[in-house]
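Colleague: I would like to learn how to read a model like this one. Please take me through it feature by feature.

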Amino acid sequence: TKYLYTGYNLVHNDEPVPDEEVEGMHSTDIYTGKALEFLDAAAAAIRDPKTEAQPWFMYLAYQAIHSPMQTVSNEDSSCNSIQRKTKDRAFA
């Protein structure tokens, strides 16, 4: 198989996102961050009496694959109580 493009291949507002901006990040974290930015801006607009509130719809679909199971090192510490180094810890 020959691929035309490798890397993150992310687009935001019809503009390609440079790979350097998202290097080492999981797509789930990137999408969540953008959704939270939007929600913060929408909440600020609602609180602004000069701004007329506009209806909006958000559909946030994650593309988290099932394997390999990878975590960010600081998130893995929440599983320290699981002593066995088996599937129990890997899937916790």
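Modeller: Start with a definition. A salt bridge is a side-chain nitrogen of Lys or Arg within 4 Å of a carboxyl oxygen of Asp or Glu. Side chains of opposite charge can pair when their charged atoms come close. Two ground rules come next. This is a predicted model, in which local features need pLDDT of at least 70 and side-chain atom pairs count only at pLDDT 80 or more, while totals for chains, interfaces and linings use all residues. Residues are numbered from 1 along each chain as its sequence is written, and side-chain values use heavy atoms, with hydrogens and water left out.

Colleague: How many salt bridges does the rule give?

Modeller: The count is one salt bridge. Lysine 34 pairs with glutamate 37, and their closest N and O atoms are 3.7 Å apart. Both sit in helix 2, three residues apart, so about one helical turn separates them. Lysine 34 is partly exposed at 39% relative accessibility. On that scale, buried means under 20% relative accessible area, exposed over 50%, and partly exposed in between (1.4 Å probe, protein chains only).

Colleague: Which elements does the chain have, and in what order do they run?

Modeller: Helices (H or I, at least four residues) and strands (E, at least two) are DSSP runs, numbered from the N terminus. This chain has four helices and two strands. The order from the N terminus is β-β-α-α-α-α. Of its 92 residues, 10% count as buried.

Colleague: How do I read an aromatic pair?

Modeller: A pair of aromatic rings is described by the distance of the centres and the angle of the planes. Rings of Phe, Tyr and Trp (its six-membered ring) pair if their centres lie within 6.5 Å; planes under 30 degrees apart count as stacked, over 60 as edge-to-face and the rest as tilted. Here the count is one aromatic pair. Phenylalanine 38 is in helix 2 (residues 27-47) and tryptophan 56 in the loop between helix 2 and helix 3 (73-76), so the pair ties together parts 18 residues apart in sequence. Phenylalanine 38 is partly exposed at 36%. Tryptophan 56 is partly exposed too, at 44%.

Colleague: What about pockets?

Modeller: Rolling a probe the size of a water molecule over the atoms shows where empty space is left. On a 1 Å grid over the protein atoms alone, a pocket is an open set of points where a 1.4 Å probe fits, with protein on both sides within 12 Å along at least five of seven lines; lining residues have an atom within 4 Å of a point. The second largest pocket holds about 350 Å³. Of its 14 lining residues, those closest to the centre are His12, Val17, Ile30, Tyr31 and Lys34. Helix 2 gives the largest share of the lining, six residues.

Colleague: Where do asparagine 13 and aspartate 14 lie?

Modeller: Asparagine 13 is in the loop between strand 1 and strand 2 (15-16), and aspartate 14 is found in that loop too. Asparagine 13 has a positive phi, near 50°. Phi of aspartate 14 is also positive, near 65°.

Key. Grid points are joined across faces, edges and corners, and a volume is the space filled by probe spheres set on the points.
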